[in-house]
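Here's a quick briefing for anyone opening this structure for the first time. Have a look at the sequence and the model, then read on.

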Amino acid sequence: MRLLAQQILLGLLIGGLYGLAAAGLSLIFGVLRVLNVAHGELLMLGGYASFWLFALLGVDPFVSLLGVVPALFVLGLGLYWALFAFIVRSHEEVRIKNSLLIGFGLALVLHALAVRLWTADERSITTGYAGHAVTVWGLVVPLVRLWSLALAFALIWALHLFLRRSRWGQAIRATAEDWEAALLMGIDVRRAYLLAFALGTALAGAAGSLVSVGYSINPSIGLEWTLKALIVVVLAGMGSIVGTFFGGLFLGVAEAVSAVVVGGPYREVVGLVIFFCVLVARPQGLFTR
């Protein structure tokens with residue numbers, strides 16, 4: 001039972017990162033109706049940015065978020081104008097098809113570029129406090145992963161408040177509901193699309209930075225994290241930003257429990273099974289009405 005409880009705890013800690021990675025993907029797809037399958041590669045870039053800031057300049061990985069998030073935000077602006085701006089002028093079905101093609105191409109380019117620049121070796125950040133942990137009720141809690149979980153929740157909550165209370169956040173929500181009505185009300189729909197895409201990219205970079213602290217990164221992690229994010233988006237349901245955090249926790253715990261019950265090699269299958277079951281039984285997601 002203690003082993004199971006420890007695995008559930010570790011599942012919660014990585015589940016927060018699943019939720020943060022999925023929040024950006026959910027925001028982009030929910031507003032633009034564009035499925036960016038290169039989302040995991042953007043997360044990978046954020047991880048490498050934090051790694052090299054630590055390796056070359058000695059910047060603490062948590063402090064590096066202050067540079068990585070704005071840098072990925074600017075990258076998101078550039079990617080939107082260069083690759084995705086013309087797609088949003090099409091109908092929804094055409095948007096999804098074209099965005100899949102562009103996303104796959106972008107993922108291949110970023111993966112090849114990362115291998116070329118940094119090789120395919122595993123990279124991880126080892127700080128002076130990397131091995132620190134606390135024991136609570138007999139369970140070992142790694143402090144680095146606990147801080148990552150707290151930061152992931154803080155970023156998702158900040159996004160939730162931005163979308164609910166700020167002027168541009170409300171404009172993004174209105175555009176997601178009905179872009180034609182939003183346009184008639186005087187909302188700059190194109191700017192709302194641009195801001196939503198850049199915010200989603202910045203969240204992917206933040207997730208990558210936190211992944212590089214507690215886990216290893218390499219150029220091939222993009223596909224894995226894109227799949228995790230897609231599963232969490234389906235679990236949470238479209239339009240539920242805070243729900244993505246709890247969806248990520250749910251997926252993390254499910255994988256952790258499956259590793260104890262059926263063995264580690266099958267933990268990746270569990271997410272796909274949950275993905276299929278939710279699509280069949282409750283396609284609107286577990287955390288939306």
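Predicted model: local features only at pLDDT ≥ 70, side-chain atom pairs only at ≥ 80, totals over all residues.

The protein chain has 11 helices and two strands.

**Layout of the chain**
- Going along the sequence, the pattern reads α-α-α-α-β-β-α-α-α-α-α-α-α.
- The C-alpha trace spans about 60 × 45 × 35 Å along its principal axes.
- A compact globule of 289 residues would have a radius of gyration near 19 Å, and the protein chain agrees, because its own value is 19 Å.

- Buried residues account for 51% of the 289 residues.
- Take the contacts between residues at least 6 apart in sequence: 78% of them join residues at least 24 apart.
- The accessible surface is about 13,800 Å², and carbon and sulfur atoms hold 69% of that.
- As for charge, there are 18 positive and 13 negative side chains, with the centres of the two sets 6 Å apart.

**Two loop residues to look at**
- Most residues other than glycine have a negative phi.
- Arg33 isn't a glycine, yet its phi is positive, near 55°.
- You'll find Arg33 in the loop between helix 1 (2-32) and helix 2 (39-57), and its 23% relative accessibility makes it partly exposed.
- Thr119 also isn't a glycine, and its phi is positive at about 65°.
- Thr119 sits in the loop between helix 4 (92-118) and strand 1 (133-136); with 37% relative accessibility, Thr119 is partly exposed.

Conventions. Residues numbered from 1 in each chain as written. Heavy atoms only, no water. Helix = DSSP H or I, 4+ residues; strand = E, 2+ residues; numbered from the N terminus. Rg over C-alpha atoms; globule rule 2.2 N^0.38 Å. Buried < 20%, exposed > 50% of the residue type's maximum accessible area, 1.4 Å probe, protein only. Contact = heavy atoms within 4.5 Å. Areas by Shrake-Rupley, 256 points an atom, 1.4 Å probe, with all protein chains shown as cover. Lys, Arg positive; Asp, Glu negative; His and termini not counted. Charge placed at Lys NZ, Arg CZ, Asp CG, Glu CD.
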